[in-house]
Amino acid sequence: MEVFDAIHGRRSVRKYKSDSVPEEVLMKVLDAGRWAPSWANSQCWRFIVVKDAETKRRLSETLTPRNPATDATANAPVVLAVCAKPGLAGIKAGQPVTDKGAWWYMFDVALAVENLCLAAYALGLGTVIVGAFNHGEAKRILKIPGDIEIVALIPLGYPAEAPQATVRKEIGEITYADSYGKPYKS
Ligand SMILES: Cc1cc2nc3c(=O)[nH]c(=O)nc-3n(C[C@H](O)[C@H](O)[C@H](O)COP(=O)(O)O)c2cc1C
């Protein structure tokens with residue numbers, strides 16, 4: 001699949017078939033994640049592949065009230081819990097390199113997440129990135145050590161829905177010329 005087809009065609013999927021995801025397909029998705037760029041190639045991301053039905057159900061209960069991805073988290077054949085080891089991205093010799101401090105781990109994890117989601121789409125799978133959940137509770141459920149953060153949950157499986165395309169701002173609304181605020185005219 002062409003990269004632009006994947007970028008334009010990927011949608012958040014919140015209904016999944018019960019079909020399991022073959023291991024070799026799952027490995028391709030994870031491989032796409034690990035090939036993301038990262039701060040000084042520090043690769044702070046860590047992934048937990050959750051297939052256990054009871055664990056998925058408990059994770060789904062950590063989502064914010066009325067979160068539209070709640071059923072997807074309980075019912076998708078796989079939920080990827082995307083974690084990060086802080087202290088690598090944005091940090092040199094124990095000191096922050098920029099005024100963003102250690103938060104660059106969020107940036108690096110997001111790059112891996114988008115790689116995962118685009119690769120999954122190219123392989124016929126659906127995903128939805130879930131950020132609105134009780135991170136502390138999810139950490140406890142997944143036995144994540146204190147020095148590791150959990151960032152996102154990604155239900156993954158074969159789609160049982162074909163969501164409508166979502167809208168995006170026009171390039172002219174989000175792009176400036178030479179300095180902030182000056183309209184960019186192509
Ligand atoms: C950081 C992040 C957190 C998100 N959290 C949730 C969530 O908690 N629940 C949910 O249903 N969708 C969540 N989404 C999915 C967005 O709602 C979705 O990407 C957006 O509406 C655009 O739709 P599309 O992915 O189909 O293009 C999240 C997306 C991102 C990038």
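1. Glu23 is partly exposed, at 41% relative accessible area, and so is Lys51, at 42% (partly exposed lies between buried, under 20%, and exposed, over 50%, with a 1.4 Å probe and protein chains only). The two form a salt bridge with their closest N and O atoms 2.9 Å apart (a side-chain nitrogen of Lys or Arg within 4 Å of a carboxyl oxygen of Asp or Glu). Because Glu23 sits in helix α2 (residues 23–34) and Lys51 in the loop between β1 (45–50) and α3 (53–60), the pair ties together parts 28 residues apart in sequence (helices are DSSP runs of H or I, at least four residues, and strands runs of E, at least two, numbered from the N terminus).

2. A word on the basis: this is a predicted model, where local features need pLDDT of at least 70 and side-chain atom pairs pLDDT 80 or more, while totals for chains, interfaces and linings use all residues. Residues are numbered from 1 along each chain as its sequence is written, and side-chain values use heavy atoms, leaving out hydrogens and water.

3. Helix α2 also holds Asp31 and Arg34, 3 residues apart and so separated by about one helical turn. Their salt bridge has its closest N and O atoms at 2.7 Å. Asp31 is partly exposed at 31%, as is Arg34 at 48%.

4. Lys100 and Asp99 meet in another salt bridge, 3.1 Å from N to O. Here Asp99 is exposed at 70%, whereas Lys100 is partly exposed at 47%.
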